[in-house]
Amino acid sequence: MNASDSQWMAQALRLAERGLNTTSPNPRVGCVLVKEGKVVGEGWHERAGEPHAEVHAMRAAGKLTKGATAYVTLEPCSHYGRTPPCADALIAAGVSRVVVAMQDPNPLVAGQGIAKLLAAGIEVECGLMEAAARELNIGFISRMTQGTPWVRSKIAASLDGRTALANGTSKWITGEAARRDVQNWRARSCAVLTGIGTVLADDPQLNVRELSAKRQPLRVVLDSGLRISPTSRILQNGKTLIYTACGDAEKLQAIKLCGAEVVTLAGADGKVDLSGVLRDLGQRGINEVLVEAGRTLNGALLKVGLVDELVLYLAPRLLGDAARGLAELGELTQLQQGVALQWTDVRQVGSDLRIVVKISKEK
């Protein structure tokens, strides 16, 4: 592989990003067809059930596909799903070479697409710009390999890590630019998850606003005692899924009449089974979950290792030690008991600082 290969793969990755908010539950994929140093076709997967990136690119290239090199951000599929196998389509169109960023983690593919291409005599190279390709589909990879979505928790706080005053006041700690930026995280997420404490305190909608959203995320509420009011805004204008540990038939019926789906999923402690929630969401095809909750739920998720990434918006103000913290983690007696983080991105958004960190899984 050479510098030109990197150039075309970078273009394919940019194309894949265009499907950031629309492809769920499918992965985001881009494809560029190059012949004699020129792009003859390109495309990206736009939404589930519609043609894949390779098909769009081949349609654009027409007869020029024959003898071209295909740059694809994810291994071409080898199975019949909602659409026919892209590996077969590339073979039939006569491409001479395929450069793949990463192997498909889907067990239905997992190397079989590459094997088909090789068996047809097509040159295949895999691994170019793989890190970028993996990051683009981090939730899809998590669901395919772990059975659970990628969990990203968004928290707005003061510079000293306080999310609300002692009396509960928290609106607004961060500025307008940061709040607009959150809409982008919601838009790319398959689901937005919160706890009943946040619903009762703030009555949020947790939908995508201020953006031209072609798809709204599923809104998920963890409500062990089913305390949610039928008039809550989160139950209006969109799909809402509630997980509870409550078996009260009257309460269940009242919420179901509001149009929400209610799933009873109790853990050993009598509260909602957090791990069970993520497994269920994975089975529903949820790739990325954005948690927008308070310190109680954030702490509960962190303590059992169910958060993969934090998006922290830090405002340039101090709220003092009496204010509420980021997450209830209990008293730690050793530094090693803390949650270890890995820096991913730090930038200023308006007047605030946005820090993205991944949770270190190494012990």
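**Second largest pocket.** I began with the lining of the second largest pocket, which divides into seven nonpolar, three polar and 10 charged residues. Ala, Val, Leu, Ile, Met, Phe, Trp, Tyr, Cys and Pro count as nonpolar, Asp, Glu, Lys and Arg as charged, and the others, Gly among them, as polar. I noted a volume of about 510 Å³ for this pocket. It is lined by 20 residues, and L20, E135, W185, R188 and R354 lie closest to its centre. Elements giving two or more residues to this lining are α1 (3-17), α5 (130-136), α7 (176-188), β15 (341-349) and β16 (352-359). Helices (H or I, at least four residues) and strands (E, at least two) are DSSP runs, numbered from the N terminus.

**Ground rules.** The model is predicted: local features need pLDDT of at least 70, side-chain atom pairs count only at pLDDT 80 or more, and totals for chains, interfaces and linings use all residues. Residues are numbered from 1 along each chain as its sequence is written, and side-chain values use heavy atoms, with hydrogens and water left out.

I also wrote down the grid terms. On a 1 Å grid over the protein atoms alone, a cavity is a set of points where a 1.4 Å probe fits but cannot get out; a pocket is an open set with protein on both sides within 12 Å along at least five of seven lines; lining residues have an atom within 4 Å of a point. Points are joined across faces, edges and corners, and a volume is the space filled by probe spheres set on the points.

**Cavities.** I found two cavities of 30 Å³ or more.

**H45.** Where does H45 lie? I found H45 in the loop between β2 (38-44) and α2 (53-61). Is H45 buried or exposed? H45 counts as buried because its relative accessibility is 3%, where buried means under 20% relative accessible area, exposed over 50% and partly exposed in between (1.4 Å probe, protein chains only). A polar atom of the H45 side chain lies 3.2 Å from the backbone oxygen of P51.

How values were computed
Polar contact = N/O pair within 3.5 Å; in protein donor to acceptor, adjacent residues only side chain to side chain.
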